[in-house]
Amino acid sequence: MSRLIYDYTKSVLERVSFDSKLFRKELEKAIKVLLPYEIEQLTEWLLNFTKEKPELRQCLLSINK
């Protein structure tokens, strides 16, 4: 079940990546429900996903809170 949430989270983040505020909001929601190892995986995925999207890079700070 947990893997489904992780995959769904990635899907949502991809769909809202046009708006950095919405992206941050969805990322913060995801951090509340994902397990610690899934957050690590999500962080790696985000680093790759945001390489070409510098406006989203600042959202990665939400993970470290």
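Start by selecting Lys29 and Glu26, whose side chains meet in a salt bridge with an N to O distance of 3.2 Å. The term salt bridge here means a side-chain nitrogen of Lys or Arg within 4 Å of a carboxyl oxygen of Asp or Glu. Lys29 and Glu26 sit three residues apart in helix α2, so about one helical turn separates them. Colour the pair by accessibility: Lys29 is partly exposed at 43% relative accessible area, whereas Glu26 counts as buried at 19%. The cut-offs are under 20% relative accessible area for buried, over 50% for exposed, and partly exposed in between, with a 1.4 Å probe and protein chains only.

A quick word on what's on your screen. This is a predicted model, in which local features need pLDDT of at least 70 and side-chain atom pairs count only at pLDDT 80 or more, while totals for chains, interfaces and linings use all residues. Residues are numbered from 1 along each chain as its sequence is written, and side-chain values use heavy atoms, with hydrogens and water left out.

**Next stop: the other salt bridge**

How many salt bridges does a search of the whole structure find? It finds two. For the other one, pick Asp7 and Arg3, where the N to O distance is 3.8 Å. Both residues belong to helix α1 and lie four residues apart, about one turn of the helix. Asp7 is partly exposed at 32%, and Arg3 is partly exposed too, at 47%.

**Zoom out**

Now show the whole chain as a cartoon. You'll see four helices and zero strands, running α-α-α-α from the N terminus. Helices (H or I, at least four residues) and strands (E, at least two) are DSSP runs, numbered from the N terminus. The radius of gyration is 11 Å, close to the 11 Å that the globule rule gives for 65 residues, so the chain is as compact as a globular protein of that length. That radius is taken over C-alpha atoms, and the rule is 2.2 Å times the number of residues to the power 0.38. Along the principal axes, the C-alpha atoms fill a box of roughly 30 × 20 × 20 Å. Of the 65 residues, 37% count as buried.

**Into the core**

Select Leu13, Phe23, Leu27, Leu42, Trp45 and Leu46: of the 16 residues in the largest nonpolar core, these touch the most other members. The elements giving two or more residues to this core are α1 (2-15), α2 (20-33) and α3 (36-49), with the largest share, five residues, coming from α3. A nonpolar core is a set of buried Ala, Val, Leu, Ile, Met, Phe, Trp, Tyr and Cys residues joined through side-chain atoms within 4.5 Å.

Which residues does Leu27 touch, leaving out those up to four places away in sequence? Highlight Leu13, Leu42, Leu46, Cys59, Ser62 and Ile63. Contact means heavy atoms within 4.5 Å.

Look down the axis of α3. Its buried residues are Glu38, Ile39, Leu42, Trp45, Leu46 and Phe49. They cover an arc of only 120° around the axis, so they lie on the same side of α3; the arc is that of the directions from the helix axis to the C-beta atoms. On the other side, Pro36, Glu40, Glu44 and Asn48 are exposed.

**Last stop: Val33**

Finish at Val33 in helix α2. Is Val33 buried or exposed? It is exposed, with a relative accessible area of 54%.
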